[in-house]
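Hi everyone, thanks for making time. I'd like to walk you through one structure today, so let me put it up on the screen.

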Amino acid sequence: MMAKTPVNFTLNGNDRAAFAEDGQNLLEFLRRGVGDMSPKYGCGQGTCGACTVLVDGETHLSCLVLAETVDGKEVRTASGLSSPALDPLQTAFMEHFAAQCGYCTPGMLVSARALLDRNPRPSREEVIEAISGNLCRCTGYEPIIQAILAVAEGRARA
Amino acid sequence: MTSTVLTVATMGEAARAVAQGATFFGGGTIVMRDVNAGTAAASIVRTTDPSLKDIRISGDTVTLGAGVTMASVLANRDLEFLHPVARLVGGPQIRNMGTVGGNLFAPHPYGDFAVALLALGARVVMAGQGGARPIDDLLRDRSRSPGLVAAIEFARPRPGTFGFLKVSRIKPKGVSVLSVSALLPREGGRIRGARVAWGAMGAGPQRGSSAERALEGQSLNAETIGRAAATAAEGLNPATDAIATDWYRREVAGVHLKRMLEQMERG
Amino acid sequence: MATHRGRGFAAINYPIGMNLGGDPSQALVHSNPDGKFTVALSAIDLGQGMKSVTRQIAAETLGVPIEDVYVDTADSDTGPHDMGSFASRGTHRMGNAVIQASNEARSVMLEAAAEELEVDAADLVTDGKGNIHVKGAPSRSITTMAAAQAAQFKQGRTIAGRGIFLIPLSEVDPDTGEMTPVSCFAHAAMLVDVEVDDETGEVAVIDMQSAYEVGRALNPKLVEQQLRGGAWMGMSHAIWETTEPYYPSREHGPEDFNSYLMPGPGDLAPHHISVLERPAPDGPYGGKGPGEMCANPVLPAVVNAVYDAIGVRIDDLPVTPEKVLRGLKAQGGAKPRRML
Amino acid sequence: MIEFRKEFFADERDDDLNEIGKPTRRQDILGHVTGRSPFFDDHQFDGLLHLRCVRSPHHHARIRRVDTSQAEKMPGVVRVLTGKDVPTNLNTLLSLLDFGIDDEPILSDKKVAYRGEPVAAVIAATEAQARAAVKAVRVDWEVLPHVLDVEEAIKPGAPKVLDIYPNNKFIYHGKYDHQKLRFGDVEAAFASADHIVEGRYQMSPIEQAPIETCGAIAAPEQNDRYVCYTSTQALFFSLGTAAKVLQTPSSKLHFVGGTVGGGFGGKVDSIHEPLAILGAMLTGRPVKYAWDREEEMQVGAPRGAERWYIKDAVNRDGRITARKFIGYFDSGAYTRLSSYAIIKGVGHLPGPYTIPNVYADVYCVYTNRTPATAMRGFGITGVDFAIETHMDKVAETVGLNPIELRILNSYRDGDMKAHRREAKNCALVECCQVVAEKAGITLSAEARAATSLTGGGGERARIPNYTATDQNGRVEGFDTGSYARKSGSGPAAATAQPSTAQPARAPQPGSQPASRPASASRPEQAPPRADPPAKPPESRPAASRSGAMRFSSLSGFRRR
């Protein structure tokens, strides 16, 4: 029987408690342990960004976060962006066709949200920097950059 | 191998666990990847000791706790000279997680922040051990770490004396083809105590002694830069990996050293 | 240090649909009690937009608004056989199957409406807004919802349709290679501008100008997604990607995204796209399928541009800084060509 | 940054449809941006087990013994599978099309032919436990000499990658060790050419690199069936493969997919579904088998490398009179889809140009590396790189603007292609003109006046009176059914379209009826043939018949 550690934290604003297995990463913990499927597994190596979540407001790669370390912390994921209403970024991604297969999209949105939270009017370069840890194999990035800039410049209907 | 993680309150406890063979878990960007791959040590230790995240600046001396992240370096105005270095480590998420201490042990081709610290002539404070040792000693053989790194201290460089350049195939986030950093203090316009450091040009961060010799005692001008560039690769044994061959790294080392020095010359 | 600019051009065509045929696709369409339609497929959407383009094709053919159609895929218990999403066959093959299924369902819907309106089904048209009316007499109309409910609850009709598209398997002559590879082709031409650093061998794509002929653009935004993302992938193949950097050696094979190189958002070049539409005679509404071909012209265009810039031919992909630098040293520096 | 040039081919289109041509949002976009789109791994199962494979560290080795006893005692381990647990432990992907010989074990038990080849599979309670147990499986290897280069592999005395194919070459149509294309007489044209232009081109192996790795989750379902959630690009292809490998009626399998995190050709090989279902069958519990990123990169099949040699005969004026190809596809250790990619590639030669004499010998070569498979641009991307790089060499040789050269040689409606079908629906000339115009490149009056609709056919529609053929690469001892083998019937003429070919559509008030008569001839389409002679698959193992579904009624290609 593996050792399990109780973890109390808030997920998208709601108190949650679950047991983390020894050495379990936050990605598996959120998906299998808590049931939030919005962070995605892309590599488990910290090289693709599909598992990006916010821990106390900072973007983290949940595959490289030891699950038990979020005890007492605030975790936000893409599934929390749309509660109650869609985040303007989500609307902009839809309008700008900024997603194709959709697998990198949740992590991409979390990185974009973190950017706009600390810098509501980023330049194109700042947008590029902010999403540089999130890989996309479908779009060639341009539509994603355009969608984020549209929100920043208030062009997107929210 | 499945790993078990021990969490302790103080650096002292963590140091004792490390002395008994445990792997220290800092930001997670290196160790957690191994845990996921099942290649990490059986026992891992981490600490909640707040001192690990301290940034202390007294006069010209900067002390960074081993647990200070790249992001907190970037958030600190007094550390502006290090922002060009920290900004080029990983992507935004990695910079929110990866620590100064961890970077000292990052395997090739990672560890660009350590390259800058080597150029700065930083000293490493070990947990539970008095005094500080030159970073050179620690980096000479990183497989035999003499304990647990608690903090890194170094003197703030005078304006225009510190340079850093990282070359990668992918922009803005890519691993090193190579990185290079230099500290070139001047006395009466002459370089005194030149320190040049390379990343991805060997097993770990390396001193660029041939370039240092070319720079020492000279004034930083086109001629000096040319001489330093010409001998840049001497004594370096870079690896061949998926990013580049040893031949290519050697071939362009001088070019990039020159570009960095010219940038410093322009100020 | 000097950077040298160069321009490279390439033109290609691309065969649409599974080579030699023999690759059926099937579709089932049926109406719900309130006149909404479900399209049941086993086709796969891997980002190319299969669900979306078949939804538009079904709505167009049924003559109902797009909101009234939902595409359900892929469950082997409910979706009929489809060969799969590859060979640029999805839109072309499945699109045709959906048209056939939708036509069959549409004809039942019109018969039901005709019975309610007491007219001949042949005199009925749809307005695409949820109404069916007598040709030339818009006042004599019934909603698709009312027609669907009448069919199910009054007339006892099933508003449903079956579709299949198959280009029969053809064969190859072993001695001459005579064959019938495909039924239509997409086309593209691409011009790229590059900058080459003659001290480091680094190549940067700084501009792309293209013309893609894709048959009818069934959804212009989905077409743009494919062309933009595909051209990015072509640039990536040309300059960055390989699973074996020292092929045929198996040493140093990438095992993560830090060592498997693909251009980041900071490596993008503006891509000015022109779309031409020559409908495919056998394509759904003339559509072809732009997904696969869009990367192809970029690889040779980049190689040709590098030659144009410095006179070094890289015939061995990818165009790494090392290959460029070795080429420059071998010929004693850059020898610009200016062919374009 | 995007424009639609509606003025081109406008008379072939009616642009007033209701839904077609509209920039309608993706049906799946809301699910994508809210993280609710259900990818295969987003389905929760209580008591999910994890399967990971034990892989070869060698390029080529004989397996003396596999010892799983230690692994079976490890914490969390439920079951360890080896080759003997797989009902039909030999398959080739295209057997569903009756193309090729079963050549690849699911779990190898005799030898391995590439680094990373699976020889056993561990099923454990957690992924970490599965990883730990994988390390505890002991394999006794006898390392064999290996070959990695395609041209080395076909030399006499090269290490034998596969026993069934001689000289490491796939056998086409049971007759030749390569795919031939013969059209006219290239040697005669070379003899009388103003210029000969030659080149060698190497296309690199490419990872499809979808952000979602390949995988499947299988679980026992009601009524003695098994459900399988999968990332496959081809639902019934994977279902059929699983039915064959597991000797299970396809009716017992319930596959669910359709929402896939990128494929690009990397998710057609149906590797994960059979083992995940087998695991569920043998443990009675849900089993997940998915690659981690390292496996996706080095074990997952890439777009294979290709090597091409091209030789052109060119007139002073830039007209290409002959083009000869020698091509080598690096298939890796097994066939997967490379044999098929070559047929597609050969049908594509000599590219979008009308050249009166064309020759190609293309080889599907086995080497001791990860098997190759499909990728975006299947069979075409590599040779297009070669052709279009070569075209620039031709342009430089004759001193012609590269765009002029393409237009001069471009294929037009009505031209005869090297595979002996008439070209139609062409648009290469127009694409070239638009790019030249955008890039501010001035073309000659002739090039500006050219169109794809004119200048073709006539002489250019003729099949050469004489075509040089040969028996090079003839093999004996192979039998073939009729797949991809030409029947007695001669070259195809025009034929009727399938009934669905020209879509009828809802007539719109005030709009013209759908364009183009349904009787339009489709020269690309061969005449429908009577059922080809179906031979009983007598030599196919009984196992592979049971439960297997066939997508082709044609008989198989197998060894006598």
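Let's begin with chain B, which has 11 helices and 14 strands. Its radius of gyration is 18 Å, close to the 18 Å that the globule rule gives for 267 residues, so chain B is as compact as a globular protein of that length. Please keep in mind that this is a predicted model. Of the 267 residues in chain B, 55% are buried. And if you take the contacts in chain B with a separation of 6 or more, 61% of them come from residues 24 or more positions apart.

How is chain B divided into domains? We have domain 1 at 4-47, domain 2 at 51-155 and domain 3 at 162-266. I'll stay with domains 2 and 3 of chain B, whose centres, taken over C-alpha atoms, are 20 Å apart. Where they meet, 21 residues of domain 2 of chain B are in contact with 23 residues of domain 3 of chain B. On the domain 2 side, α4 (83-86), α7 (112-119) and α8 (135-140) of chain B each supply at least two residues. The largest share of that side is 6 residues, and it comes from α7(B).

Now, on to the chain contacts. Chain B gives 17 residues to its contact with chain C, and chain C gives 16. The chain B side divides into 9 nonpolar, 3 polar and 5 charged residues.

For chains C and D, the contact takes 133 residues from chain C and 135 residues from chain D. Helix α1 (residues 50-62) of chain C provides the largest share of the chain C side, 8 residues. That side divides into 64 nonpolar, 41 polar and 28 charged residues. There is strand pairing here too: strand β11 (residues 271-276) of chain C and strand β1 (residues 2-4) of chain D run parallel, joined by 3 bridges. V275(C) stands opposite F4(D) in β1(D).

Last stop, the largest nonpolar core, with 422 residues. Among the members that touch the most others are V302(C), V306(C) and A120(D). Helix α2 (residues 90-117) of chain C gives the most to this core, 11 residues. Leaving out residues up to four places away in sequence, V302(C) touches several residues, including G8(C), V192(C), M235(C) and V319(C).

Thanks, and I'm happy to chat!

Technical notes
Residues are numbered from 1 along each chain as its sequence is written. Chains are lettered from A and ligands numbered from 1 in the order in which they are written. This is a predicted model: local features need pLDDT of at least 70, side-chain atom pairs count only at pLDDT 80 or more; totals for chains, interfaces and linings use all residues. Two residues are in contact if their C-beta atoms, placed from the backbone, lie within 7 Å. Helices (H or I, at least four residues) and strands (E, at least two) are DSSP runs, numbered from the N terminus. Ala, Val, Leu, Ile, Met, Phe, Trp, Tyr, Cys and Pro count as nonpolar, Asp, Glu, Lys and Arg as charged, and the others, Gly among them, as polar. Two strands pair if DSSP finds at least two bridges between them. A nonpolar core is a set of buried Ala, Val, Leu, Ile, Met, Phe, Trp, Tyr and Cys residues joined through C-beta atoms within 7 Å. A residue is buried if 20 or more other C-beta atoms lie within 10 Å of its own, exposed if 12 or fewer, and partly exposed in between; C-beta atoms are placed from the backbone. The radius of gyration is taken over C-alpha atoms; the globule rule is 2.2 Å times the number of residues to the power 0.38. Domain bounds come from an automatic or database domain assignment.
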